[in-house]
Protein chains: 2
Amino acid sequence: MNNHRQRNGDVWAFENAHNRKQQAQSESGVGDGYDDGIILGLDGGTTSTVCVCIPFFPSSKTHLPDPLPLLARAVAGCSNHNSVGETAARATLEEVMAQALSKLGSNRSAVRAVCLGISGVNHPSDQERILNWLRDIFPGHVKLYVQNDAIAALACGTLGKLHGCVLIAGTGCISYGFAEDGREARASGAGPVLGDWGSGYGIAAKALTAVIRAHDGRGPQTMLTNKILKALGLSSPDELIGWTYADPSWARIAALVPEVVSCAEASDQVANEILLDAVQDLFLSVKAVIERLNLCGEDRSASFPVVMVGGVLEANGKWDIGKEVMKCIQEHFPSAIPVRPQVEPAVGAALLAWNFVMKESKENCHG
Amino acid sequence: MNNHRQRNGDVWAFENAHNRKQQAQSESGVGDGYDDGIILGLDGGTTSTVCVCIPFFPSSKTHLPDPLPLLARAVAGCSNHNSVGETAARATLEEVMAQALSKLGSNRSAVRAVCLGISGVNHPSDQERILNWLRDIFPGHVKLYVQNDAIAALACGTLGKLHGCVLIAGTGCISYGFAEDGREARASGAGPVLGDWGSGYGIAAKALTAVIRAHDGRGPQTMLTNKILKALGLSSPDELIGWTYADPSWARIAALVPEVVSCAEASDQVANEILLDAVQDLFLSVKAVIERLNLCGEDRSASFPVVMVGGVLEANGKWDIGKEVMKCIQEHFPSAIPVRPQVEPAVGAALLAWNFVMKESKENCHG
């Protein structure tokens, strides 16, 4: 382990104390309750990063305990390298894993597998780069998996089974799906420059644009002007331009979504249209995935889960974006089963890791 | 001068040699042909920054010579602080002014006035901050003016007179106008986050989005896919996401406009619609300014110039965005007079400086 501890000494300093404690426990015969090791599951979104620890269940157990024991949980900031850059993303990931292990009073030698569901993984080269970060942190025998955060989000709605479609709409948005035969497809998730208009960022950017257009005479007046200026403590729409460019973080802009929802609820036409467009955009992403994977089957009656995750889709009062998106989906695909997950995406990532390890060990047995 | 030379010593090092040369010329009685001093005019766009030197014409001359003598010209990169950050923007401005003076064999002591027409100036606080940069560079007696680049662009079409409307569409876009009574108005120019869809950046971002949508099944197939991937040397639309975030410079994305125009010329429906939308967006900006300033007068017959500047508006072959925008403007405002400036915006900035100095000296005489 020592050669793996050097890169970021401060973050992992707690391990020395824990090692001494464990040695004492081991000598006294007192175990720590997770003798088969632990699994780390991470959900790395554009706003925050969550890490959970669950026990590793050996292959002899065919069913997972319900509820699943959550040994520890830690939260840190954004780990999307496209949003905050590589160095910050990597530091955040390491920090949140160290925090979780430290809370548990454990250390990296107890880890059997790590699964990272992380936004911004769009290409095999992204995956490989992040796997290399993990290889620097963990000893060679730890199983490491890096997936797009949408896959972990799907797994949190299906308890680890990769079948159906997931829609995430938080600061960013993406739709991802798996057919029973393992084929996969995605739509959206390309970021703000490339038109994710159903995301929290997209909704808020459109609202800011509407304020500018009302101000310079290109668009109709809207309640969004006063609402947003007040929320940001600004006195004129001119100041929005400087505000926008003062900090390029997507989450800062996406945080304005509640102002848009509140204006739409007060019957502001401009805000209402922005939300209706977002609903259409999110529905189109799910529709593209369902159709490419033919999830409904030939007779359009095969049932499949549609897992809905993220702040934009959570009930926002009278104007409920998630409910409207689901309504569109069920009108077009009556066999779709809406799922609001009971566990969080980080737990989905941990369950994915468990499934991957089980599958690999079965394949090794049969091979 | 010495206290003004210290901040960026390397850039201004040439002045010492010139000072010695000038002293020698002065002792030998040989002048440099601009005894009344010089004016610096700068056009700071999102792609490049141009600095020109013209002679200072004393108030006794009521008409400017035609053609205007251009003493020196220098070009540097982007100086929009919203795009490249303050430090880089400031360094670029200082560098391009030093280059122009060095080419002329002159130095800062010969400068009477500096006018900066610069994109990203959206609020009095932006103006004040950039004026402070200039105050650090020049001695106290030099007259300093900082304006939005649109105002210098208008001045280059009207030879310094602030009347009428200007539309700039390059990497960014903005419309700006002045009524005869001095009232001013602007539209757009808020940057990519805030919906400048008629800009080169906006056109190219929509084209990239169309490629992603065609790829993930949300939108129709388009020639833009092959055209853009080929131009960028990429093999799959998935790689566009990483490409987009690898470098946040707006100009890099806007450089794809010719690919969009070429697809539209080859009758690609998606590219064609992107350009038609851009034309509408640019027309709406001009319309908002004309109507707010009531440039047509009560009987809608007052004539006024509409100055058109920037790469997006220059003839692009069969599909000519500038021509289409002008067509819309003249259909709605028959008294508008299209102007394609014969001098560049940096010269407009220099003429503005001259006008400002003249106006101030007249006011001082009458005061």
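1. On the side of domain 1 that touches domain 2, helix 3 (81-84) and helix 6 (149-158) of chain A each supply at least two residues, and the largest share, four residues, comes from helix 6 of chain A. Helices (H or I, at least four residues) and strands (E, at least two) are DSSP runs, numbered from the N terminus. By class, this side of domain 1 has three nonpolar, seven polar and no charged residues; here Ala, Val, Leu, Ile, Met, Phe, Trp, Tyr, Cys and Pro count as nonpolar, Asp, Glu, Lys and Arg as charged, and the others, Gly among them, as polar.

2. This is a predicted model, in which local features need pLDDT of at least 70 and side-chain atom pairs count only at pLDDT 80 or more, while totals for chains, interfaces and linings use all residues. Residues are numbered from 1 along each chain as its sequence is written, chains are lettered from A and ligands numbered from 1 in the order in which they are written, and side-chain values use heavy atoms, with hydrogens and water left out.

3. The two domains of chain A are domain 1 (2-159 + 344-366) and domain 2 (192-339), with bounds that come from an automatic or database domain assignment. Their centres, taken over C-alpha atoms, are separated by 32 Å, and the contact (heavy atoms within 4.5 Å) takes ten residues from domain 1 and six residues from domain 2.

4. Between these domains the buried area is about 570 Å², of which carbon and sulfur atoms give 80%; buried area is the accessible area (1.4 Å probe) that two parts lose on being put together, summed over both. Of the area that domain 1 buries against domain 2, A:Thr46, A:Ser83 and A:Gly157 supply 43%, more than any other three residues.

5. Turning to the two chains, the contact takes 37 residues from chain A and 37 residues from chain B, and together the chains bury about 3,000 Å², 61% of it on carbon and sulfur atoms. In chain A, the residues that lose the most area to chain B are A:Leu194, A:Arg218 and A:Tyr245, together 25% of what that side buries.

6. Which residue of chain B forms a salt bridge with A:Arg213? The partner is B:Asp281, with the closest N and O atoms 3.8 Å apart, and a salt bridge is a side-chain nitrogen of Lys or Arg within 4 Å of a carboxyl oxygen of Asp or Glu. The rule finds two salt bridges across this interface, and the count of residue pairs in polar contact between chain A and chain B is 13 (both at pLDDT 80 or more). Helix 7 of chain A gives the largest share of the side of chain A that touches chain B, eight residues.

7. Within chain A, the side chains of A:Glu15 and A:Arg108 meet in a salt bridge (2.9 Å, N to O). A:Glu15 lies in helix 2 (residues 14-28) and A:Arg108 in the loop between helix 4 (86-104) and strand 4 (111-118), so the pair ties together parts that are 93 residues apart in sequence.

Key
A polar contact is a pair of N or O atoms within 3.5 Å; within protein, one must be able to donate a hydrogen and the other to accept it, and residues adjacent in sequence count only if both atoms are side-chain atoms.
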